[in-house]
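Subject: Structure handover

Hello,

Please find the structure below, with the sequence alongside. My notes on what turned up follow it.

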Amino acid sequence: MANEQPSEAMVLNSSELERLNDYDSRLFGFLNLEADENTGVKNLLDKAVQYYDQQLKTPEKHNLDLSVLCRLGHFHLLLGDYTKALSAYQKFFTLQPDYWKDATFLYGLAMVYFHFSAYQW
């Protein structure tokens, strides 16, 4: 729409960034984001997705930190957005030459493939 205002830059403080280090694909199936006690975690993951999406869209980033793609995959997986998780994981898979050294990536990718019944890989 022509009247849309540009959104403010998403910022995560150091405490939030530190908390996010505890969340990756290993928590898939164990972290119930629908429970009332995990509302703060769900909000943090939603905020992190916006933050990392914004980082990927920043034009002055010539050296893309590939871990951003992997983390985005983890956060989408934990939030149950399998399509976006697959997209982030596949970009990481394509760009990271030694992807096979990242066990959390492989586990997350496998969980997404399992969700889509893509057993061939």
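Serine 117 counts as partly exposed, because its relative accessibility is 46% and the class runs between under 20% for buried and over 50% for exposed. Keep in mind throughout that this is a predicted model. Serine 117 sits in the segment after helix 5. Its phi is near 55 degrees, which is a positive value in a residue other than glycine.

Helix 5 itself covers residues 103-115, and tyrosine 113 is found in it. Tyrosine 113 is buried, since its relative accessible area is 18% and the cut-off for buried is under 20%. In sequence, tyrosine 113 is 27 residues from leucine 86; in space, the two are 7.9 Å apart, C-alpha to C-alpha.

Glutamate 16 pairs with lysine 47 in a salt bridge, and the closest N and O atoms are 3.0 Å apart. Glutamate 16 belongs to helix 1 (residues 14-20) and lysine 47 to helix 2 (residues 39-57), so this pair ties together parts that are 31 residues apart in sequence.

Aspartate 24 forms a salt bridge with arginine 26, with 2.7 Å between the closest N and O atoms. Aspartate 24 is buried, with a relative accessible area of 9%. Arginine 26, on the other hand, is exposed, with a relative accessible area of 53%, and it is classed that way because exposed means over 50%.

Aspartate 98 and lysine 101 make another salt bridge, whose closest N and O atoms are 3.8 Å apart. That distance still qualifies because the limit is within 4 Å. Aspartate 98 counts as partly exposed at 28% relative accessibility, and lysine 101 is exposed, its relative accessible area being 57%.

Regards

How values were computed
Residues numbered from 1 in each chain as written. Predicted model: local features only at pLDDT ≥ 70, side-chain atom pairs only at ≥ 80, totals over all residues. Heavy atoms only, no water. Helix = DSSP H or I, 4+ residues; strand = E, 2+ residues; numbered from the N terminus. Buried < 20%, exposed > 50% of the residue type's maximum accessible area, 1.4 Å probe, protein only. Salt bridge = Lys/Arg side-chain N within 4 Å of Asp/Glu carboxyl O.
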